[in-house]
Amino acid sequence: MEMSGSRTIAADRETVWTHLNSAETLKACIPGCEELTGTPDEGFQAVVKQKVGPVKATFKGEVTLEDVNAPESYRIVGEGKGGVAGFAKGGAHVTLAEVEGGTELSYEVDAKVGGKLAQLGSRIVNGFAKKMVDSFFDRFSQIVEEGKSPDEVEAE
């Protein structure tokens, strides 16, 4: 699966970069994230509970940051395992650019899924991935642009 896009965040690049590297912010923004620990230097560990079509699973995974060029770009590389539901692994190249009105966050994702997830078909998996991305950015905007705390966003 490949996916790309961009969003303009109404904040300066340093602020967006700081939130992209905050375990607290990321935990609040990732739908279904029950636990997220770690640091940008050592990597993050996460537990995410999701339902993709008829497949419901708890995924445990690790993510590391590579090719870090603060505050402009990095590559996120990770893998999550959901037991019999399958696995997902891949990466994303994330770039931040100053634009009028804030910071443009661009991303290019390449990912693979296996197990029961792969059997669902690309239309269902791609639709789910798009929904996850939209939800992530809606929550991210609430924290960065509106100044909500991660606790306020998680509670919604």
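Threonine 103 is placed in strand β7, where strands (E, at least two residues) and helices (H or I, at least four residues) are DSSP runs numbered from the N terminus. Threonine 103 counts as buried because its relative accessibility is 1%; buried means under 20% relative accessible area, exposed means over 50%, and partly exposed lies in between, with a 1.4 Å probe and protein chains only. The side chain of threonine 103 reaches the backbone nitrogen of arginine 13 at 3.0 Å. Contacts, defined as heavy atoms within 4.5 Å, join threonine 103 to Arg7, Thr8, Ile9, Ala11, Asp12, Arg13, Val16, Leu96 and Ala97, residues up to four places away in sequence not being counted.

The model is predicted, and local features need pLDDT of at least 70, side-chain atom pairs count only at pLDDT 80 or more, and totals for chains, interfaces and linings use all residues. Residues are numbered from 1 along each chain as its sequence is written, and side-chain values use heavy atoms, with hydrogens and water left out.

Strand β7 belongs to an open sheet of seven strands with antiparallel pairing, in the order β1-β7-β6-β5-β4-β3-β2. Two strands are taken to pair if DSSP finds at least two bridges between them. At the edges stand β1 (2–9) and β2 (33–39), each of which pairs on one side only. On average, neighbouring strands of this sheet are turned by 20 degrees against each other, direction ignored. Such angles run from 0 to 180 degrees between N-to-C directions, and the axes are lines fitted to C-alpha atoms, for helices over the stretch in contact.

Within the sheet, strand β6 (residues 87–99) and strand β7 (residues 102–114) run antiparallel and are joined by 13 bridges. Phenylalanine 87 stands opposite glycine 114 in β7. Arginine 75 has glutamate 66 as a bridge partner and histidine 93 in β6 as another.

The hairpin of β4 and β5 has three residues between its strands. Proline 71 lies in the loop between β4 and β5, and a cis peptide bond with omega of about -10 degrees joins alanine 70 to proline 71. Aspartate 67 is found in strand β4. Phi of aspartate 67 is near 50 degrees, a positive value in a residue other than glycine. Most residues other than glycine have a negative phi, and most peptide bonds are trans. Aspartate 67 is exposed, because its relative accessible area is 62%.

Helix α1 (residues 13–20) lies across β1, β4 (55–69), β5 (73–81), β6 and β7, and runs at about 165 degrees to β6. Helix α4 (residues 122–144) lies across β1, β3 (43–52) and β7, at about 20 degrees to β1. The 23 residues of α4 reach 32 Å from first C-alpha to last, close to the 33 Å expected at 1.5 Å a residue; the expected span is 1.5 Å times one less than the number of residues. Buried residues in α4 include Val125, Phe128, Ala129, Met132, Val133, Phe136, Phe137 and Phe140. An α-helix has 3.6 residues a turn, so residues three or four places apart point the same way.

A nonpolar core is a set of buried Ala, Val, Leu, Ile, Met, Phe, Trp, Tyr and Cys residues joined through side-chain atoms within 4.5 Å. The largest has 32 residues, of which Val16, Leu20, Leu36, Leu105, Tyr107 and Phe140 touch the most other members. At least two residues of this core come from each of β1, α1, α2 (23–29), β2, β3, β6, β7 and α4, and α4 supplies the largest share, seven residues. A second, separate core of 10 residues includes Val52, Phe59, Ala85 and Phe128. Leucine 105 touches residues including Gly5, Val16, Leu20, Val94 and Phe137.

Alanine 23 is placed in helix α2. Beyond four places in sequence, alanine 23 touches Leu36, Gly38 and Phe44. The C-alpha atoms of alanine 23 and glycine 38 are separated by 6.8 Å, although the two residues are 15 apart along the chain.

Note on methods. Polar contact = N/O pair within 3.5 Å; in protein donor to acceptor, adjacent residues only side chain to side chain.
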